Amino acid sequence: MIGERMIAGFGTTALRITQEVGGIVVLTGQVLRALVPPRIDGRELVKNLHKMGNRSVPIVVLTAFFAGGLMLIQTGPFVKKFGAAGLAGWGAGYAVLREIGPILIALMFSGRVGANNTAELSTMTVTEQLGGLRALAIDPVRFLVVPRVIAMMVMLVALTVIGDLVALLGASIVGRAMLGIDWGTMYYSFADNLKPYDFLHGVYKSIAFGAAIAVSSCYFGVTVRGGAVGVGRAVNAAVVAAAVSIMLLDFFLTYLTG
Amino acid sequence: MLELAIRLAEVHKRYGRREVLTGVTLELARGARLGLIGPAASGKSVICKLAAGLEQPDRGEVSVLGENVVGRRESELGEIRRRIGMLFQNYALFDFLTVEDNVAFPLEQRGDPADAIAARVAERLRSVGLAGSERKLTAELSGGMKKRVGIARATVADAELVIYDEPSAGLDPVTTQKIYDLLAADQARTGASVLAVSSDVVALAQFVDEIAFLYRGKVHYRGKAATILDAEDPVVRQFVRGELEGPLDDLGQGSA
């Protein structure tokens, strides 16, 4: 009896996940189709770029600064022990540019922008605003979803670049203040050991993370059912889906591209 | 042969386990005004959405303004929808736009010149009593004001077919009368075909030519609006008079 229930529960969950993944793939196809030819509502795009990007800068700067500093605090004892101050910047920079920066900023972006996007779209869905657009012969995917997807992808890359720079600054300040590593040593540690690819590795990850956050947050927004309770469920599902996608994408991108 | 604005033939529609429409046949002639009444959850709004091409029937035929809408893709339905104005029961106002931008939206999408849009929007907002509220966001409005913005938006483009889902819900009696006078004047000016759903049977009867009564998933009765209050059908009689005793004791929510 319990076994049957477990199998039934497993099957139901598997079906639901398959349905949602399928829905996200279909929405991705609709977004791509809407881009050919690229007829995007300029006002919506600019509004979303501002709302999603500019307003996220303070929280990204704060997070990145402390993340960079934290890298130095963690590696500091070993740097001191082995007298390898010249490698402190490399260690922190390598971790920040390739992993910590893109992941942390993507998770922050998902929690702030992705969740907000789902809440907005799902509220519009349950109040029939998407139906209102369709009644006026306007495709909600083209009008609402496409500008949001583009804005999220562009802005996550921009925020990741800003975050990377701030994290390196944070690492330098903490290195100087807490470990006594001078500015020059830290600069040459970055410049001599980090390669452009380390930076680009994080940037292309952020493109993938941005796409995952954007499409999943829009998908759960436009497919919501059931009023205010449904909006809450949709936001929850979007944040979880984005977090899982970020981790899976990070694993496979790191594995495949080194 | 009579030219039709809306033609539904043997339309069935199911949501989950509940079959809302069980073979609705309904016609609206071009230039005519038809009222649709019925108990709550009897499928009136579903018929509005079918007529606007926003829902597809499970079975049956739906033609709007001479075009078949069944099985058509979204991109194909755009041309038909541009000829329709619709007021949604829950307003469906865009909360990311101001009042005037909401009303201007259909004209902007149609590509009208900016000065013509501004003049038309100002006229529409004056006519629904919302002059001075142009810059407000829809979240700042009361339910009745939202309804009036929805009416202004539905009528701003002088559509060939206008569908009003509960145009007087949330309005006081005086405003209700003003709104129906406005809708009647608009219809007389444009010659548009009108489908109006309302629970206010008395006010609706003064606006439309005929009234259809939806019950148990079908059009149970159709007759002249002027005589609806004297209808001999016991179900219609009980509904329009609001009597507690009668054949309508299940409020039309049965599975039929």
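Author: Let us begin with handedness: a crossing of two helices is called right-handed if the near helix is turned clockwise from the far one by less than a right angle, and left-handed if anticlockwise. Please keep in mind throughout that this is a predicted model.

Reader: Which handedness does the crossing of helix 2 of chain A and helix 6 of chain A have?

Author: Helix 2 of chain A passes helix 6 of chain A in a right-handed crossing.

Reader: Why are helix 2 of chain A and helix 6 of chain A called oblique to each other?

Author: Helix 2 (residues 42-52) of chain A and helix 6 (residues 140-179) of chain A pack at an angle of about 40°, with their axes 8 Å apart. Angles under 35 degrees count as roughly parallel and those from 65 to 115 as roughly perpendicular, with the rest between them oblique, and therefore these two helices are oblique to each other.

Reader: Which residues meet where helix 2 of chain A packs on helix 6 of chain A, and how do they divide by class?

Author: From helix 2 of chain A come Glu44(A), Leu45(A), Asn48(A), Leu49(A) and Met52(A), and among the residues they meet in helix 6 of chain A are Phe143(A), Pro147(A), Arg148(A) and Met152(A). By class, the contact of helix 2 of chain A with helix 6 of chain A has ten nonpolar, one polar and two charged residues.

Reader: What makes helix 4 of chain A roughly parallel to helix 8 of chain A?

Author: The axes of helix 4 (residues 88-126) of chain A and helix 8 (residues 196-222) of chain A come within 8 Å and cross at roughly 15°. The cut-off for the word is an angle under 35 degrees, and so helix 4 of chain A is roughly parallel to helix 8 of chain A. Their crossing is right-handed, and the contact of helix 4 of chain A with helix 8 of chain A has twelve nonpolar, twelve polar and four charged residues.

Reader: What word describes helix 3 of chain A and helix 6 of chain A, and why?

Author: The axes of helix 3 (residues 57-82) of chain A and helix 6 of chain A come within 6 Å and cross at roughly 40°. The two are therefore oblique to each other. Helix 3 of chain A passes helix 6 of chain A in a right-handed crossing, and the residues of the contact of these two helices divide into 22 nonpolar, six polar and one charged.

Reader: How do you know that Val113(A) counts as buried?

Author: Val113(A), which lies in helix 4 of chain A, has 27 C-beta neighbours inside 10 Å. A residue is buried if 20 or more other C-beta atoms lie within that distance of its own, and so Val113(A) counts as buried. Leaving out residues up to four places away in sequence, Val113(A) touches Met52(A), Ser56(A) and Met152(A).

Reader: How many helices and strands are there in chain A, and what percentage of its residues count as buried?

Author: Chain A has nine helices and zero strands, and 43% of the 258 residues of chain A count as buried. Among contacts in chain A between residues at least 6 apart in sequence, 89% join residues at least 24 apart.

Reader: Turning to the other chain, why is chain B called as compact as a globular protein of its length?

Author: Chain B contains eight helices and ten strands. Its radius of gyration is 18 Å, close to the 18 Å that the globule rule gives for 256 residues, so chain B is as compact as a globular protein of that length. Along its principal axes the C-alpha trace of chain B spans about 55 × 40 × 40 Å, and buried residues make up 44% of the 256 residues in chain B.

Reader: Why is helix 1 of chain B described as largely enclosed by the rest of the structure?

Author: Eight of the eight residues of helix 1 (residues 44-51) of chain B are buried, so this helix is largely enclosed by the rest of the structure. Among them are Lys44(B), Val46(B), Cys48(B) and Lys49(B). Just after helix 1 of chain B, Gly53(B) takes a positive phi of about 75°.

Reader: Finally, how many residues of chain B are in contact with chain A?

Author: 15 residues of chain B are in contact with eleven residues of chain A. Helix 2 (74-81) and helix 3 (99-110) of chain B each supply at least two residues of the side of chain B that touches chain A. The residues of that side of chain B divide into eight nonpolar, three polar and four charged.

Definitions and conventions: Residues numbered from 1 in each chain as written. Chains lettered and ligands numbered in written order. Predicted model: local features only at pLDDT ≥ 70, side-chain atom pairs only at ≥ 80, totals over all residues. Contact = placed C-beta atoms within 7 Å. Helix = DSSP H or I, 4+ residues; strand = E, 2+ residues; numbered from the N terminus. Nonpolar A, V, L, I, M, F, W, Y, C, P; charged D, E, K, R; others polar. Axes fitted to C-alpha atoms, helices over the stretch in contact; angles between N-to-C directions. Parallel < 35°, antiparallel > 145°, perpendicular 65-115°, else oblique. Rg over C-alpha atoms; globule rule 2.2 N^0.38 Å. Buried ≥ 20, exposed ≤ 12 C-beta atoms within 10 Å, placed from the backbone.
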